[in-house]
Amino acid sequence: MPRIVRPLLTTGLTWAALGLHLLVCACYLRRWDKVAAITVFPFWTWCFLGALMAGVAWLTGRKRLPGVLVLLWIITIIAGSDETRPLLRATADKPEPGQPAPVDNKQPLRIVTLNCRAGMWNPNALKDVEPWQPDVVFLQEAPVPLELENFAKRLYGSAKGHWEGGYHCGIVARGRIFNPLTSHQPVFMIAAIEIRPGKFLDVACVHLKEAETTMRLWSLNAWKSHYYNRQTRRSELSDLLQFQNFFKGPNPSIVGGDFNAPAGDAIFDLLTERGFRDAFAESGSGWPDTYPNNSPVLRIDHLWVNSQVTPVRTAAITTRHSDHRMVVCDFFIP
């Protein structure tokens with residue numbers, strides 16, 4: 001390598017790694033809509049890129065600053081990645097197939113959410129859910145109504161009053177389902193489930209607009225596409241929360257499904273402002289990402305709970321018949 005090239009390469013990569021660190025941290029901390037093209041990627045992808053640039057700069061020049069930047073990027077990956085906290089709880093209690101195990105001698109309820117797509121409306125995806133004996137099931141890109149009816153019958157012995165929806169969003173529950181309502185698009189279904197006599201759980205199964213996937217960040221149109229894509233999903237979620245005072249009453253409430261938005265996305269501010277909490281962030285263990293099923297790098301399937309719901313263990317479970325992993329959560333309500 002020519003003598004003049006080495007210091008230029010070292011200096012250029014060092015400052016590029018530092019500049020990228022400032023840019024990435026600012027974008028992920030603020031989640032501005034105009035930089036949605038950046039934050040749609042997993043946080044750690046940018047961190048690895050920055051660490052690689054700083055590492056090459058250090059190997060080239062053996063200077064102190066790029067070495068410090070490598071350590072800074074490593075710390076940033078650990079501190080800022082959505083995957084860190086559940087991985088640190090990897091040995092914690094996880095949901096297991098069958099009836100949920102008691103917690104402190106009390107029997108929790110179980111909810112499962114799954115996007116059934118593998119081609120389209122794949123009824124075989126329901127076979128992945130059955131062994132988990134859920135009390136509530138959220139399905140996106142759900143099989144046809146007849147398949148949901150048969151699914152409810154297999155789970156609970158009777159189908160009447162235990163299933164609603166099909167084709168887009170579906171809800172199946174051990175308790176009776178009351179007042180089901182599907183949005184016009186449809187991107188969500190809301191209902192009340194009688195968990196036990198006189199005790200209701202308000203639920204919403206959502207399937208928001210598909211994510212923008214273009215990675216041509218050198219194109220202004222790509223940035224615009226990501227910008228409007230984020231705003232569309234925010235509008236859809238806002239419609240759900242403003243549709244009626246459904247989630248403002250005293251009942252425990254769960255909003256879940258395929259949000260097509262990664263963990264930490266700005267649209268979730270709408271839920272936190274209403275007092276909802278991310279069940280996986282609170283009680284999840286193991287690798288949290290759900291898409292794609294075989295090698296997941298994005299957590300786009302979520303369960304959010306209000307103050308009346310206490311999640312105690314949550315996990316993302318590999319499926320056999322879908323391109324998504326399913327999220328299984330055991331929880332308590334008063």
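In the predicted model described here, Cys205 has a relative accessibility of 0% and therefore counts as buried. The cysteine sulfur closest to that of Cys205 belongs to Cys169 and lies 4.3 Å away, which is too far for a bond, given that a disulfide requires two cysteine sulfur atoms within 2.5 Å. The number of disulfides under this rule is zero. Cys116, likewise, takes part in no disulfide, its nearest cysteine sulfur being that of Cys205 at 9.2 Å. Cys116 also counts as buried, because its relative accessibility is 0%.

On one side, strand 4 is paired with strand 2 in the antiparallel sense over five bridges, and Leu139 is found opposite Gly170 of strand 4. Strand 4 also pairs with strand 3, again in the antiparallel sense, here over three bridges, with Glu164 placed opposite Ile171 of strand 4. Strand 3 and strand 4 together form a hairpin in which three residues lie between the two strands, and Gly166, in the turn, has a positive phi of about 130°.

These strands belong to an open sheet of six strands, arranged in the order 3-4-2-1-12-11 and with mixed pairing. The edges of the sheet are formed by strand 3 and by strand 11, which spans residues 310-317, each of the two pairing on one side only. On average, and with direction ignored, neighbouring strands in this sheet are turned by 15° against each other. Further along the order, strand 1 (residues 109-115) pairs with strand 12 (residues 326-332) in the antiparallel sense over five bridges, and within this pairing Val112 stands opposite Val328 of strand 12.

Helix 7 lies across strand 2, strand 3 and strand 4 of the sheet, and runs at about 160° to strand 3. This helix comprises 12 residues, 145-156, and extends 16 Å from its first C-alpha to its last, close to the 16 Å expected at 1.5 Å a residue. Within helix 7, the buried residues are Leu148, Phe151, Ala152, Leu155 and Tyr156. These residues cover an arc of only 100° around the axis, and they are therefore on the same side of helix 7. The cover over the buried residues of helix 7 includes helix 6 (126-129), strand 2 (136-140), strand 3 (163-165) and strand 4 (169-173). Just after the helix, Gly157 adopts a positive phi of about 85°.

Strand 5 pairs with strand 6, residues 188-196, in the antiparallel sense over five bridges, and the bridge partner of Thr182 in strand 6 is Met189.

Thr10 is located in helix 1, which covers residues 5-30, and counts as buried because its relative accessibility is 6%. When neighbours within four places in sequence are left aside, Thr10 is in contact with Ala57, Thr60, Gly61 and Lys63. Ala92, by comparison, is situated in the loop between helix 5 (84-88) and strand 1, and its relative accessible area of 32% makes it partly exposed. Although Ala92 and Gly286 are 194 residues apart along the chain, their C-alpha atoms are separated by 8.5 Å.

Terms used: Residues numbered from 1 in each chain as written. Predicted model: local features only at pLDDT ≥ 70, side-chain atom pairs only at ≥ 80, totals over all residues. Heavy atoms only, no water. Buried < 20%, exposed > 50% of the residue type's maximum accessible area, 1.4 Å probe, protein only. Helix = DSSP H or I, 4+ residues; strand = E, 2+ residues; numbered from the N terminus. Expected span 1.5 Å × (residues − 1). Arc of directions from axis to C-beta. Contact = heavy atoms within 4.5 Å. Pairing = 2+ DSSP bridges. Axes fitted to C-alpha atoms, helices over the stretch in contact; angles between N-to-C directions.
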